[in-house]
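Look at the sequence and the structure together.

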Amino acid sequence: MQSSEKLPRPYSRGDEITLAELWDVVWEGRLVIILVTGLLTAIAVAYALMATQWYRAETTLMPTDDQGMSDIRGQLGGLAAIAGLRAGAGANIKNESIAVLKSREFARNFISDYELLDVFLEGETDPGEPLDMRDAVEFFHDNVMRVTEDRDTGKIIVSVQWTDSAAAADWANTLVERVNNSMRGRALREAESNIEYLRKEIASNHIFALEESLGRIMEDEMQKLMLARGKEEFAFRVIDRAEPPKRRSKPRRTLIAASAFVVGGMLSLMVVFLRSAVRKTRSANSEAAVHAS
């Protein structure tokens, strides 16, 4: 009794596809390849030419050196703890300044002061939908400002990307000035508050040793106050100010066109080879049907 199950057809050298056959398939479908590749490339080039041009302006910063003040606070840390003050406040000013620069409140104040709510949300919201500052802040962080830090050199890059090169450079420099002013204002308020507190403590205590200790802490706070008042670049020292860029950052037209050309070529080849495979399958089925009849 013979089994009706068909055994797999043994492999034969006739199943191999030679380079000549591949070339024949490609040559036969050359019009499809040219049309698909050309169409996708043309669409990509048109998009690249019509897309909004963005420019990136960068300013290079270095954290200010507050090591001297940190040493003083370290020496007086125990005394300040007795007085109820944060003796180590401001020692890590770089991380705090970067956090402020990236904060939503900082972005919100910048957008509000420069009246950029309508500018940032133009075309980003549905018609009739009220403008929301939260959306503008999100747009600002996602599309406009970037803060990067080089761990090896300590350099900090503040970059602003916008459709106007002059505005991008102006905003980048302004953001640095604002964060320096913000951190200096915080330091001034903290030092003034601490000095006022120390004065009250000194006036209410008559123990010589404690008065001497509080006086040394007040001297530290006075130095901190003087430093904040006389130092414009309080948190960051500007190494290289942002200037209006000459070249756009995006769209990268050459890359877009080249990518579309490659994708179009691969897609058209897939179509050509698939069409050839379908034709061969149909031809084989037809021959099988003829032999069976």
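A residue is called buried when its relative accessible area is under 20%, exposed when it is over 50%, and partly exposed in between (1.4 Å probe, protein chains only). The model is predicted, so local features need pLDDT of at least 70 and side-chain atom pairs count only at pLDDT 80 or more, while totals for chains, interfaces and linings use all residues. Residues are numbered from 1 along each chain as its sequence is written, and side-chain values use heavy atoms, with hydrogens and water left out.

Helices here are DSSP runs (H or I, at least four residues), numbered from the N terminus. Take helix H6, residues 104–113, where Phe 106, Ala 107, Phe 110 and Ile 111 are buried. Seen down the axis of H6, these buried residues fall within an arc of 130 degrees, so they line one face of the helix. The arc is that of the directions from the helix axis to the C-beta atoms. Arg 104 and Asp 113, on the other side of H6, are exposed.

Next come the charged pairs. Side chains of opposite charge can pair when their charged atoms come close. A salt bridge is counted when a side-chain nitrogen of Lys or Arg is within 4 Å of a carboxyl oxygen of Asp or Glu. By this rule there are seven salt bridges.

One of them joins Arg 279 and Glu 28, at 2.7 Å from N to O. Because Arg 279 lies in helix H11 (residues 253–292) and Glu 28 in helix H1 (residues 19–28), the pair ties together parts that are 251 residues apart in sequence. Arg 279 is partly exposed, at 45% relative accessible area, and Glu 28 is exposed, at 51%.

Another salt bridge is formed by the side chains of Arg 186 and Glu 96 (3.5 Å, N to O). This pair also links distant parts of the chain: Arg 186 is in helix H9 (residues 165–204) and Glu 96 in helix H5 (residues 93–102), 90 residues apart.

Arg 151 and Glu 149 form a salt bridge too, at 3.5 Å from N to O. Salt bridges that share partners join Lys 94, Glu 149 and Arg 151 into one network.

Last is a patch of charge. Patches use residues with over 30% relative accessible area and no salt bridge; like charges are joined within 9 Å, and nonpolar side chains (Val, Leu, Ile, Met, Phe, Trp, Tyr) within 5 Å. Asp 126, Glu 129, Asp 135, Glu 138 and Asp 142 form a negative surface patch. Asp 142 lies in helix H8 (residues 133–144) and is partly exposed, at 42% relative accessibility.

Note on methods. Accessible areas come from the Shrake-Rupley method with a 1.4 Å probe; for residues, only the protein chains shown count as cover. Lys and Arg count as positive and Asp and Glu as negative; His and the chain ends are not counted. The place of a charge is taken as NZ of Lys, CZ of Arg, CG of Asp or CD of Glu. Helices (H or I, at least four residues) and strands (E, at least two) are DSSP runs, numbered from the N terminus.
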